[in-house]
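Please look through the structure shown below together with the numbered points that follow. Each point takes up one part of the model.

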Amino acid sequence: MTANLAPDQAVAYNPGTPALGTAGDQRRSAAIPPARAPQTPQATPRARRPEAALARPFIKWAGGKQQLVAELVARAPRSIETYYEPFIGGGAMFFALLADPTLAPRRAVLNDLNRDLVTVYEVVRDDVDALVARLEALQGPYLAADAEDRSTQFYAERGRQPVGAVDLAAKFIFLNKTCFNGLYRVNRQGVFNVPHGKYRNPRILDEPNLRAASAALAGVRLTHLDFEAALAAPKQGDFVYLDPPFEPLSATSSFTGYTEGSFSRTEQRRLKLAVDDLTDRGVHVMLSNSSQDYILGLYSADRGPFADGRYRIDSTPARRAINSRGDKRGPVDELVVLNYPPEVERRELPIP
Ligand SMILES: C[S@@+](CC[C@H](N)C(=O)[O-])C[C@H]1O[C@@H](n2cnc3c(N)ncnc32)[C@H](O)[C@@H]1O
């Protein structure tokens with residue numbers, strides 16, 4: 001099946017609503033309890049198990065930073081008290097920072113407005129054995145089935161109301177690995193609506209990585225708040241990495257969409273004010289965004305009405321943009337906005 005998702009057909013992320021069910025399920029799924037262990041009130045510093053350094057993102061996520069992550073890690077501060085990532089998505093930066101145990105932050109607070117996504121992280125952290133068992137039960141029949149039966153299993157799972165956090169997480173990961181392009185989109189009613197993909201041999205269960213991610217997440221605080229609330233806590237010596245939904249390159253290439261749940265220019269301005277506030281508080285901030293004039297105008301000293309010269313802006317090499325139509329994917333320059341000088345950075349050699 002080839003599926004092109006028209007921008008008006010789907011709303012990317014729609015992070016405020018639970019999404020993995022049918023429309024009528026939404027009210028019920030709000031009652032899904034968290035994974036077994038209670039949430040820690042504070043990020044707990046603790047020595048991580050060695051396998052934490054091997055963890056990689058366990059879901060495919062639109063706007064994921066996997067391709068750029070070496071560039072980003074090189075620019076991160078050498079010393080971090082607590083690491084904050086309020087738009088965690090697939091968590092490429094978090095896992096990359098942990099890959100070097102000598103530099104990895106001891107405390108971390110990860111956040112996303114997508115409630116189901118945060119539940120998945122909680123389950124990976126707190127209940128990985130049960131998650132592995134549930135994914136095994138989904139993967140076995142799927143891989144053994146022919147194309148038609150795979151499709152039937154996919155749509156049955158997509159339309160099914162999950163029972164509890166582990167079931168929700170398994171469903172989320174199963175759909176992420178087997179849907180078209182690994183996209184996560186919900187319609188205006190907040191219902192996940194990505195069609196079945198055609199991967200020959202999808203790795204629905206990657207047990208070593210899930211266990212490594214579970215070790216990486218031990219002691220990590222997880223929240224599902226709007227970014228502004230998530231940014232109230234950081235203080236001097238902390239590091240915040242911000243990767244908001246991108247300012248679209250054009251209305252038609254929009255992945256975040258100009259639709260309900262989208263990250264509009266108003267949101268980008270609200271984020272800029274939050275970055276200013278963090279800067280005033282002495283928090284180290286790195287922000288990724290697209291090289292749109294509007295974004296440059298917000299952060300660059302010599303551009304735009306809001307610019308104030310407090311930020312350095314680096315351009316990182318082009319990557320492939322997410323677009324549901326393969327033929328429309330083009331290279332996109334990304335910006336890295338920093339509020340600290342090069343001496344603070346981890347990198348030893350200048351990046352050309
Ligand atoms: C570009 S993605 C982050 C990708 C991530 N860096 C990665 O490597 O996968 C942006 C994330 O912001 C979340 N989001 C959107 N609006 C938000 C808001 N107002 N507050 C917090 N998170 C939000 C989305 O759910 C999405 O996961």
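1. L175 counts as buried because 23 C-beta neighbours lie inside 10 Å. A residue is called buried if 20 or more other C-beta atoms lie within 10 Å of its own, exposed if 12 or fewer, and partly exposed in between, with C-beta atoms placed from the backbone. L175 is found in helix α7. Its C-alpha atom is separated by 9.3 Å from that of Y155, 20 residues apart along the chain.

2. This is a predicted model, in which local features need pLDDT of at least 70 and side-chain atom pairs count only at pLDDT 80 or more, while totals for chains, interfaces and linings use all residues. Residues are numbered from 1 along each chain as its sequence is written.

3. How many residues of α7 are buried? The count is 13 of 14, and the helix is thus described as mostly covered. Helix α7 covers residues 165–178. At 1.5 Å a residue its 14 residues should span 20 Å, and the end C-alpha atoms are 20 Å apart, which agrees. The expected span is 1.5 Å times one less than the number of residues in the helix.

4. The secondary structure of the protein chain comes to eleven helices and nine strands. Helices (H or I, at least four residues) and strands (E, at least two) are DSSP runs, numbered from the N terminus. Of the 352 residues of the protein chain, 44% count as buried.

5. N181 lies in the loop between α7 and β4 (185–186). Its phi is near 60°, a positive value in a residue other than glycine. Most residues other than glycine have a negative phi. N181 is partly exposed, because 18 other C-beta atoms lie within 10 Å.

6. Where is N111 found? N111 belongs to strand β3 (residues 107–111), and it counts as buried because it has 21 C-beta neighbours inside 10 Å. Leaving aside neighbours within four places in sequence, N111 is in contact with E85, P86, I88, T223, H224, L225 and A230. Two residues are in contact if their C-beta atoms, placed from the backbone, lie within 7 Å. The C-alpha atoms of N111 and E85, 26 residues apart along the chain, are separated by 6.2 Å. For the protein chain, residues 24 or more positions apart account for 77% of the contacts with a separation of 6 or more.

7. The axes of helix α4 (residues 115–126) and helix α8 (residues 207–217) come within 7 Å and cross at roughly 95°. The two helices are therefore roughly perpendicular to each other. Axes are lines fitted to C-alpha atoms, for helices over the stretch in contact, and angles run from 0 to 180 degrees between N-to-C directions. Angles under 35 degrees count as roughly parallel, over 145 as roughly antiparallel, 65 to 115 as roughly perpendicular and the rest as oblique.

8. On the α4 side, Y121, V124 and R125 meet L210, A213, S214 and L217 of α8. The buried residues of α8, including R211 and A212, pack against α3 (92–98), α4 and α5 (128–144). Just after α8, G219 takes a positive phi of about 80°.

9. Which residues are closest to the ligand? They are G63, F87, G89, G90 and A92, in a shell of 22 residues.

Note on methods: A residue is near a molecule or strand if its C-beta atom, placed from the backbone, lies within 6 Å of it.
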